Amino acid sequence: MTRRLVGWWFAEAPAERLAALRILVGTYGLVWVVARMVEIDRVARLPERQFAPVGPIALLGGPLPRAAVLAIAAATALLMAAFVAGIAYRAVAPVAAAALVWTLSYRNSWGIAFHTENLLVLHVAALACAPAADAWAIRPIWRGARAGYGWPIKLMVALTAATYLLAGIAKLRIAGLAWLDGDLLRNQIAYDNVRKAVLGDRIAPLATTFLAHGPLLVAFSVATLAIELGAPLALAGGRLARLWALAAWGFHLGVVLLMNIWFPYPLFGIAFVPVLAPETWVARLREWRRARRR
Amino acid sequence: MTRVGPAAISAVLVGATLWPLARDPAKGDSFPLSTYPMFASGRPQKIAISYAIAETATGARRELTPAHLGTAEVMQAFVIVDGAIARGPAGTRALCQEVAVRVAGDADLAEVARVRIVTGMHDTVAYLVDGAPGTLTERARCQVRR
């Protein structure tokens, strides 16, 4: 049993697949940090009384000076760029992951913890501990990873599954099976959209339709819980994993349509790339270009 | 032996991600290790929501954005308002004046004469489906000085 488990966890995968994940996840992290720079600056100006540190930020006695916050965020962006390029990866990647954890934790330390960045941070941490720059990197170091290239990919899928599973378990622990009756979700959708409406933000395009037709929300509630509690199916790999990923992506699309809440990491598909074979996309692209030249 | 390190890394990362299961999901949320409690709690259909509004001299309402409260995030904006109200009338007035200063610098809101921090009692479903506005209780009011 243990041998089968070890064999499954360490099943081989090409170095290019892990490298593709490094490039895709790292590029997303880089773009995210750069895109959030204005918001990072805004939270750095918030008064100290609103400071509510989470994660490693709890080590601080109070907020950092604005210049320090911006300097760390800029350094994080540079480190993520080196992470993507695979420069001095064994040294740079763990520092980049730590910087990303720090910068995003700081952004979440002002009274509300967002849930749009957790999986990104976990995936970057997993990649930082792996031989993810043995291919498709600037000056790749072909060391031939002794444990192979499959386990970090399995780890990323496990982390994805764990976060969705936790969300499903939280619903059952907090609300129980009452979460499925549709009323709880209806009130959540209504509350969230009213908050947007009173502050001049756009409400979700399908919110009023679904609120006026309650039974539709029962189906959405059941599907949500099934997708979250069914997340470990992604570890099965193959078609089952891809079907789960498609369902989870559809769930996030539903959240946009009902609540205008965007989880960009899964919506752009990056969260689910570990269940795919992204290295083959490059090969296909090359074939397509070759065919066009003929 | 070559697999010991990767196995340990895998166990630590998966274990850390699942560690919040040991906490109360409603109270123990954090970052980056979360209990993921979003959308899990029950909310009443009729609920009090505090926010800032802008009005012209004739009382016509103009829309504010989270940026007028010092953030780009809607949810962060509500945390800011709730925090100010929790600090009492002086904290609420201070926030009102901060918003008024930002409004004064916003050319799109040139006709706005005052800012109010209010608590609205809204039937959230009726508000969205039927346009029922609910009732407002004023917490603070301040003039926009240009």
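**View 1. Strand E4 of chain B pairs with strand E3 of chain B.** B:Met121 has B:Thr135 as its bridge partner in E4(B). The model is predicted: local features need pLDDT of at least 70, side-chain atom pairs count only at pLDDT 80 or more, and totals for chains, interfaces and linings use all residues. Residues are numbered from 1 along each chain as its sequence is written, chains are lettered from A and ligands numbered from 1 in the order in which they are written, and side-chain values use heavy atoms, with hydrogens and water left out. Eight bridges connect E3(B) with E4(B) (residues 135-143), and the sense is antiparallel. Helices (H or I, at least four residues) and strands (E, at least two) are DSSP runs, numbered from the N terminus; two strands pair if DSSP finds at least two bridges between them.

**View 2. Strand E1 of chain B runs antiparallel to E3(B).** Strand E1 covers residues 46-56 and is joined to E3(B) by eleven bridges.

**View 3. Strand E3 of chain B is mostly covered.** This strand comprises residues 112-123, and ten of its twelve residues are buried; buried means under 20% relative accessible area, exposed over 50%, and partly exposed in between (1.4 Å probe, protein chains only). In the open sheet of chain B, four strands follow the order E2-E1-E3-E4 with antiparallel pairing. Strand E2 (61-62) and E4 of chain B are the edge strands, each pairing on one side only.

**View 4. Chain A contains helices and zero strands.** There are 13 helices in chain A. The C-alpha trace of chain A spans about 55 × 50 × 50 Å along its principal axes.

**View 5. Burial and contacts in chain A.** Of the 294 residues of chain A, 54% are buried. Among contacts (heavy atoms within 4.5 Å) with a separation of 6 or more in chain A, 76% involve residues 24 or more positions apart.
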